[in-house]
Structures are given as structure tokens and as C-alpha cells.
Amino acid sequence: MATTDAQLNTNWSGTIAYRAGRRVRPTSVEELRSVLREAPSVKVTGSGHSFNYVADSENGWQIDLSGLVEPPVVSADHSTVEVSGGTTYGALVPFLAQEGLALANLASLPHITVAGSVATGTHGSGARQPGLAASVQAVQLMTADGDLRWFDRSDPRFPALVVSLGALGVVTRLRLSIEPEFEVRQDTFVGLTWAQLTAELGTILESAYSVSVFGRWVGPGPDHIVLKSRTDQRSDAPVLPGAEWIADTKHPSWASGEPSEKVTEQGGAPGLWSDRLPHFRMGFTPSSGEEIQSEFFVPAAHGAAAAEALLQIGERIAPMIIVSEIRAVAADGQWLSPTYDRDSVVFHFTWRPDTAATSEAADLVQQALAPFDPRPHWGKLFTYAGRLDAAYPRLDDFEAVRRELDPSGAFLNDFLRRHVASD
Ligand SMILES: Cc1cc2nc3c(=O)[nH]c(=O)nc-3n(C[C@H](O)[C@H](O)[C@H](O)COP(=O)(O)OP(=O)(O)OC[C@H]3O[C@@H](n4cnc5c(N)ncnc54)[C@H](O)[C@@H]3O)c2cc1C
């Protein structure tokens, strides 16, 4: 079986160096099984778009699943699609679009793998849109003993199986719910003040299918606000009281100099879901490329107060910010989901790629958000030191499933030992 160099030595932005005793790319289920039987410890890397050591294999083996990717398979009734453990949204989305089918929601970029995304609780935006994990109907897992099993929603352990941080086994296949294709228009607004935003934050975040507020916590107000509306759900042009509609397409970081060619079309022109739901186009480097990201989730009811707390520290954190984004995400039932059991307002930060200075800025954000019961994004930088059981109330339930499915801890790494494992 192939030991390969063509794998990830760093994360996507080069800010995390992955350690690996050996890098392997199995090309059959049997090869994957023998990896799991032979390796002292293992970790799958998806597309390496996380900003911490969640995907690090340390001295164990790093597994690349790209050799096992098969074409997506749509169910006969067109309600689900089955994908491989290494499939990216960049491959799945055009496939579904060609079939006249759609996913309900997407993250800001399509470049990431489905398995890696749902493993960390990746989300898009929408007060009534849960994170991407909510579309997962079933997971096929190869556990450390080489056993290959499907888990679906009827299994009482299912709430641990999707947002699983790669800690339970190798996700070899996923079944996702899909729907008929739909169109979306993106409308961009400028000119709202911070006071107007915080006074109406809940209403603004509920004013379209998906809403993103971009800014840097300084100046008179946010840089711009993007409303993504499904044309099958509303026929009128969306309005944002107090703000001005603009025809331009704006990169999330336009105020930091990023060009609009990297992003999907705005200006109110309807287009297929696949060309409007992500912020970034597949053929371009998403975001800015040289960056670190952090993100924190607070209960929706605290969203405005949390935003006001961030404005208080705006001048101190702004020098490190390329752009910040406020989104809403609906509650789901995955135990380790950052939106488990609570509708949330989410504060994202794209930081300049200086780990020490970014950690200080993230620390300031964590202090400012502390009164609002924040949960960190599992795939982004945070500075909380120990086990995250205060933020994630079902961590012990997740741990019970992890110990059952991976009793030897073959899928543990230092990140999981520190923030998740109870022994
Ligand atoms: C430019 C950019 C924009 C982003 N935008 C968003 C956004 O809009 N919303 C958001 O929530 N996040 C966003 N993120 C974060 C990103 O979605 C997450 O970090 C996601 O986990 C990345 O997926 P990946 O395939 O790169 O996974 P990786 O980072 O490679 O892995 C993540 C975890 O999944 C595990 N894993 C991966 N595949 C498997 C498998 N087959 N079996 C078992 N375990 C597996 C890994 O071991 C690891 O624990 C963004 C990141 C970047 C760089």
C-alpha cells in the first residue's frame, strides 16, 4: 500500500505543521483495514482547512482518503445522496447541480471535505438553518479493529457520530439529505451603524434565508451586510431598513483590499444555489489565504449584548483583524455541535497570520464573550486550556461513545486528549 509524499504537511494556510510518523493513501477498503490494524495511532486529514491541531496525527499515521473517493450516488427517490469519506463539497455541489438537486446549506467555501466539515461542526448562515451536520442521515465508520458499520438516526449513539472530531474512526461514507434545486439572490447593503445593528441584530439575522454581517468592530458600522434569499420563498427584493442597497459584489474582506472576482455574484441577480450559497468561488483561493481563523457561538438571545461587548474591545483587536463576520445558525442535536440545543449567533474572525498576536486577540475575544456562555468552533484557533466540558454539556456522553467505539484511543491526538477525553 502506498506511503505517499503527496499529503498534507501543513494546514491550508500553513499556520499549523502536521506531524506524522507515516503518511498513507489506501486505495481499497482492505488496505484501509490493514492500516488500522498496523498503525499505532491514526488520524484522517480532510482538506486540512482547520486552524488548530484537531487533524494532527503526531507520531501516528496520517490517512489520506482521496484514493477511496467514488462518485456520489443519489437514492432512487432523490431524497439522499451518498458520498465517500474524502469527497469535497467542490466535487459534490456541481454533481448535484447537474442533477437538478441541492443541499439546503453550505459553508463559505466549497473546497473542504464533507466528512471533515461535519466532523468540526462547520456551518453556513441562517437563523433557521442548522450547521452542515444536520443534513447527515447516516455515517459509515471503520473503527480501529477494522470493523465497517453504518450508523443512522435510529441509533441512540447517532448524536455523537457526525460532529465527532475524527475521534471515533474513519468515516468512509456519509448519507446526506438533498432537495430539488432552488435559486438564491444575494443583496448587499452598506451604511448601517453599529448602534442600528445591535438594536436590531435578531431581526436582521432573521431577515433572509442566510445573512452575513462583515466588519472589523471599529468605525461607524459594519463594512457591509449580505442577505441571501431563496427566490422560491420570497419574490420581493429584500430591504434592510436604515441601510443602502448596492449593486456591487463585495469580497468579505474588500475593506482589507481583497478583489471581488474570488466571490460569488451579488447585486440581486438570482442564480443556482450552488453559485450563491458559498461566499467563495471554487476556482479561486477562498478568503485571503494568509490567515488564521477563530469563531465563537453564543445563544441567540445574547447575540446583541455579545456584539456590544466586542465593540468595547474593537480598537484593541482591530489591528489583527482582516475581517470579522456575524452569522446566525439554528440549533441541532449533535452533542459536540457548537449549536447543540441552542439557536446561536456566531462571531467569526479572520486574523492576520501571526499566531502569537492572534492568540492574544482571540484571548481578548474570549474574555469579552465569557458572560455569554461561548462555545469555540472545533476547527479554529482558541486559547481555552483544558477540557471543554463547561462549553459542551454533552461531552461526557460523547466520551462514552468514543470509549465504546475506540477503546484503545487509536484516534486520539493531543488536541483531543486536552479538550475532549476524560482520562
Ligand atoms: C477559507 C476558509 C473558510 C472557512 N469557512 C467556514 C465556514 O463558513 N463555516 C465554518 O463553520 N467553518 C469554516 N471554515 C473551517 C472549516 O470548515 C473546518 O475547519 C472544516 O473542518 C475543514 O474541513 P476539512 O476537510 O479541511 O477537515 P480537516 O481540517 O482536514 O479535518 C477536520 C477534522 O475532521 C477529521 N476528519 C476529516 N475527514 C475524516 C474522515 N473521513 N474520517 C474521520 N475523520 C475525519 C480530521 O481528523 C479532523 O479531526 C473555513 C476554513 C477556511 C480555511
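A: Let us begin with helix H2, residues 89–98, in which Tyr 89, Leu 92, Val 93 and Leu 96 are buried. Helices (H or I, at least four residues) and strands (E, at least two) are DSSP runs, numbered from the N terminus. A residue is buried if 20 or more other C-beta atoms lie within 10 Å of its own, exposed if 12 or fewer, and partly exposed in between, with C-beta atoms placed from the backbone. The model is a predicted one, in which local features need pLDDT of at least 70 and side-chain atom pairs count only at pLDDT 80 or more, while totals for chains, interfaces and linings use all residues. Residues are numbered from 1 along each chain as its sequence is written.

Q: Why do the buried residues of H2 line one face of the helix?

A: An α-helix has 3.6 residues a turn, so residues three or four places apart point the same way. Seen down the axis of H2, its buried residues fall within an arc of 100°, so they line one face. The arc is that of the directions from the helix axis to the C-beta atoms.

Q: What covers the buried residues of H2, and what follows the helix?

A: The cover includes strand E5 (80–84), strand E6 (101–102), H3 and helix H7 (273–276). Such cover is judged by contact, meaning that the C-beta atoms of two residues, placed from the backbone, lie within 7 Å. After H2 comes Gly 100, with a positive phi near 75°.

Q: Which residues other than glycine have a positive phi?

A: Most residues other than glycine have a negative phi. Glu 58 has a positive phi, near 50°, and belongs to the loop between E2 and strand E3 (61–64). With 18 other C-beta atoms within 10 Å, Glu 58 is partly exposed. Leu 165 also has a positive phi, near 55°, and is found in the loop between H4 and E10. Leu 165 is buried, having 23 other C-beta atoms within 10 Å.

Q: Which residues of helix H11 are buried, and which are exposed on the face turned away from them?

A: The buried residues of H11 are Leu 395, Phe 398, Val 401, Arg 402 and Leu 405. Down the axis of H11 they fall within an arc of 125°, so they line one face of the helix. The face turned away carries the exposed residues Asp 396 and Glu 404. Helix H4 is included in what covers the buried residues of H11.

Q: Where is Leu 388, and what does it contact?

A: Leu 388 lies in the loop between strand E20 (375–376) and helix H11 (395–405). It has 17 C-beta neighbours inside 10 Å and therefore counts as partly exposed. Neighbours within four places in sequence aside, Leu 388 is in contact with Leu 395 and His 419.

Q: How is the protein chain divided into domains, and how many residues does each give to the contact?

A: Domain bounds come from an automatic or database domain assignment. For this chain, the assignment gives domain 1 (68–180) and domain 2 (183–376). The contact takes 29 residues from domain 1 and 29 residues from domain 2. On the side of domain 1 that touches domain 2, H2, strand E7 (126–130) and helix H4 (158–161) each supply at least two residues. E7 gives the most to that side, with five residues.

Q: Which residues touch the most other members of the largest nonpolar core?

A: In soluble globular proteins, nonpolar side chains tend to be buried together. A nonpolar core is a set of buried Ala, Val, Leu, Ile, Met, Phe, Trp, Tyr and Cys residues joined through C-beta atoms within 7 Å. The largest here has 115 residues, of which Ile 63, Val 118, Leu 174, Val 211, Ile 225, Val 345 and Val 365 touch the most other members. Strand E18 (residues 321–330) gives the most to this core, with six residues.

Q: Which residues come nearest to the ligand?

A: A residue is near a molecule if its C-beta atom, placed from the backbone, lies within 6 Å of it. Of the 34 residues around the ligand, Gly 46, Ser 50, Gly 116, Gly 166 and Gly 379 come nearest. The largest share of this shell, four residues, comes from H3.
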